[in-house]
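Student: I have a structure to read and I am new to this. Can we go through it together?

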Amino acid sequence: MGDDQRRAYAAAFERSTTDPEAFWGDAARALRWFEAPRTVLDRSEAPFYRWFPDGRLNTCFEALDRHVEDGHGDQLALVHDSAMQGGNLRGGATPVVTRRSYRELRDEVALFAGALAKLGVTKGDRVIVYMPMVPEAVVAMLACARLGAIHSVVFGGFAAHELATRIDDAAPKLVIAASCGLEPTRKVAYKPLLDAALEEASHPVETCVILQRPELEATLVSGRDVLWGDALADVEPHPAVPVESTHPLYILYTSGTTGQPKGVVRDHGGHAVALRWSMDNVYGAHPGDVYWAASDVGWVVGHSYIVYGPLLHRCTTVMYEGKPVGTPDAGAFWRVLEDHRVNVFFTAPTAFRAIKRVDPEGSAVKDYDTSALRTLFLAGERCDPDTLAWSGRVLGVPVVDHWWQTETGWPIAANLVGLEAMPVKPGSATVPVPGWDLQVLDDEGLRQPADVIGNLVAKLPLPPGALLSLWNADARYVETYLTRFEGYYATSDAGYIDGDGYVHVMARTDDVINVAGHRLSTGALEEVIAAHPDVAECAVIGVQDKTKGQLPWGLLVLNAGCARGDDVVKEAISEVRAKIGPVAAFKHAVVVDKLPKTRSGKVLRGTLRKMADGMPWNMPATIEDESVLYDVEKVIRAL
Ligand code: COA
Ligand code: AMP
């Protein structure tokens, strides 16, 4: 490595913070704008910053048409690999693989955009996409982008009520869904969930486009539901509609501290510039590489690095319908790496922990040729040093733990292997990514010295690609993220920056928990449990779990005189599954006499968490009644 490259990170970071206009103005030149921006950053309505406000482009054009126009139409754009199809749900012995070149994907997207336009979808309309990991989900997202419509993908593991909440908030013109999802032990009928959600929602949806999967076909509602294939009949391909850089590309709902999810809004221009920059500099990916993010299109990782990032950078993206284990075995990931000659791989540490549990030595990897792989990226939760070391040993490649959030849309801290690879410190997400001016503040907002833990915050303005606001909730956006520390975005993560400038992310400071890389709000779970007629009050805490990182545990206080504790626990568990969805993995709950609280009435969640994790805890000075905490400790110990 030459001196210039060694200094590349420091120079990029410095320029991105001292002169963000110059830095991102240069990065924006990588895109083909319909109208190039003259202004890079509009600060006039701070804290609502806008990137490239007078530029016009279309993200779908940039992700597909541009590459075809440049002569790369025959290159593979999307490889879909399903370990779940092929008639053997449990074993998935013969994966079903489909491949689309850039030209084929462009044509399919243009035609589906024509179908959506014929159904009345135009620029600015919202479209909810409720689909499993099928290639049509990517087609649907890109077709919306092509029209300037705003997609909102809802993860398939969410139940009808969660879908209804999102329908009411986004007020979509149309919903696109599939008949079913495929899980290792069952087929998930999506359509009844969609029907129930539309029944519950107050916002009326006139049209649903349904993709029938042969594994489980759906019954259609006449006059409302249109089959995917029928929607395409007599349709003309639709060109990409030029939109303002600041025009919303998508809304992605994520958990906050209450049951009302937050709709993160991202734009066309800033998002495309940031993702394109990250593909080179963070991931070290080159056009023509094969990039695989083993996530789900329903999560931000799926949006950014299954769909948009790799396609904007002319990579081949791999979309995998399956699990790391059990489809059919602990070699599932290695098989995908070999079959598609994957160069860059991205997943969550929980997936590697699941493999390690079944195959502790990682011996299954010996049966596969994973030699095309250059780097493994892990994110979604704190990566424990064991998992980092194990995955590096098994795959024989550098492993990068990088930190980001649904809100940020791309990494906040990473080892930027494409710009300048740094020495790895296990337990650290390495250094702030250019554009992210990270600082550590105490609760009073005072800057903390190196190695002192505090609130991780990013100085405003945030770089392109970060959230613009929350859908229909500007005030909530300001209050949630920008008010606690003036001039900064509060990440709600606690951590420290060490003397070498490495970022160590330790824990959330709010009620958000991370279950198998899925973000959940304990407040949302509590709302469901508290609605049970026999429950007087409850608390849900995230407890450490070897595989999933955290699992939610419920403590239930019953109404006086209620003697059906065991039944109430079972009912609460099934109610959470029905209302939030199986992905909450809520399986542990107990009845307690009282919840331990402070004198001001706050449940002592932090202390409860320490107890449940078997860690030392101190009696809080503010406790209302010490005996309540000792009683709860006995119950927790008995679990
Ligand atoms: N549709 C319907 N149900 C779903 C679903 C979907 N898309 N995804 C998960 N579920 C269900 C599962 O079937 C399971 O149901 P069950 O209670 O009947 O068994 C439940 O939700 C919990 O799912 P999950 O947390 O995924 O547990 P798992 O045991 O099936 O798998 C892992 C565990 C670790 C293998 C898996 O979670 C994984 O691969 N995680 C990677 C995380 C990830 O992609 N994160 C995104 C950020 S990078
Ligand atoms: P999500 O919005 O689902 O991506 O979840 C974001 C949260 O996951 C962050 O706020 C962190 O708490 C956690 N997280 C993600 N990546 C990391 C990481 N590399 N290290 C520590 N925590 C992480």
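Tutor: Start with a cut-off. Buried means under 20% relative accessible area, exposed means over 50%, and partly exposed is in between. Keep in mind that this is a predicted model.

Student: How do I apply that to Glu-407: buried or exposed?

Tutor: Glu-407 has a relative accessibility of 2%, so it counts as buried. Its salt-bridge partner is Arg-519, with the closest N and O atoms 2.9 Å apart. Glu-407 sits in the loop between strand 20 (399-401) and strand 21 (413-414), while Arg-519 is in strand 29 (residues 518-521), so the pair ties together parts that are 112 residues apart in sequence. Arg-519 is buried too, because its relative accessible area is 11%.

Student: What is the idea behind such a pair?

Tutor: Side chains of opposite charge can pair when their charged atoms come close. By the rule used here, a Lys or Arg side-chain nitrogen must be within 4 Å of a carboxyl oxygen of Asp or Glu. The count for this model comes to 41 salt bridges.

Student: Which residue does Asp-54 pair with?

Tutor: Asp-54 forms a salt bridge with Arg-38, and their closest N and O atoms are 3.5 Å apart. The two are 16 residues apart: Asp-54 is in the loop between strand 2 (50-51) and strand 3 (56-57), and Arg-38 is in the loop between helix 3 (20-28) and strand 1 (41-42). Now use the cut-offs. Asp-54 is partly exposed because its relative accessibility is 23%. Arg-38 is at 72%, so it is exposed.

Student: Where do Asp-534 and Arg-564 lie in the chain?

Tutor: First, the contact. Their side chains meet in a salt bridge of 2.6 Å, N to O. Asp-534 is in the loop between helix 16 (522-530) and strand 30 (535-545), and Arg-564 is in the loop between strand 31 (549-558) and helix 17 (565-579), 30 residues apart. Asp-534 counts as buried because its relative accessibility is 19%. Arg-564, at 30%, counts as partly exposed. Salt bridges can also share partners: Arg-32, Glu-62, Arg-66 and Asp-70 are joined that way into one network.

Student: Which residues form the patch of positive charge on the surface?

Tutor: Arg-186, Arg-357, Lys-548, Arg-577 and Lys-587 gather there. Take Arg-186 as the example. Arg-186 belongs to strand 10 (residues 186-189). Its relative accessibility is 33%, so it counts as partly exposed.

Student: How should I read the faces of a strand?

Tutor: In a regular strand the side chains alternate between the two faces of the sheet. Look at strand 11 (residues 207-211). Thr-207, Val-209 and Leu-211 are on one side, Cys-208 and Ile-210 are on the other, and all are buried. With 5 of its 5 residues buried, strand 11 is largely enclosed by the rest of the structure.

Student: What pairs with strand 11?

Tutor: Strand 8 (residues 174-178) pairs with strand 11 in the parallel sense, over 5 bridges. Strand 12 (residues 225-227) also runs parallel to strand 11, joined by 3 bridges. Follow Cys-208 across. Val-175 stands opposite Cys-208, and in strand 12 the bridge partner of Cys-208 is Asp-225.

Student: Where is Gly-326 found?

Tutor: Gly-326 is in the loop between strand 17 (316-321) and helix 12 (332-339). Its relative accessible area is 32%, so it is partly exposed. Gly-326 and Thr-185 are 141 residues apart along the chain, and their C-alpha atoms are separated by 9.8 Å.

Conventions: Residues are numbered from 1 along each chain as its sequence is written. Chains are lettered from A and ligands numbered from 1 in the order in which they are written. This is a predicted model: local features need pLDDT of at least 70, side-chain atom pairs count only at pLDDT 80 or more; totals for chains, interfaces and linings use all residues. Side-chain values use heavy atoms; hydrogens and water are left out. Patches are made of residues with over 30% relative accessible area and no salt bridge: like charges are joined within 9 Å, nonpolar side chains (Val, Leu, Ile, Met, Phe, Trp, Tyr) within 5 Å. Accessible areas come from the Shrake-Rupley method with a 1.4 Å probe; for residues, only the protein chains shown count as cover. Lys and Arg count as positive and Asp and Glu as negative; His and the chain ends are not counted. The place of a charge is taken as NZ of Lys, CZ of Arg, CG of Asp or CD of Glu. Helices (H or I, at least four residues) and strands (E, at least two) are DSSP runs, numbered from the N terminus. Buried means under 20% relative accessible area, exposed over 50%, partly exposed in between (1.4 Å probe, protein chains only). Two strands pair if DSSP finds at least two bridges between them.
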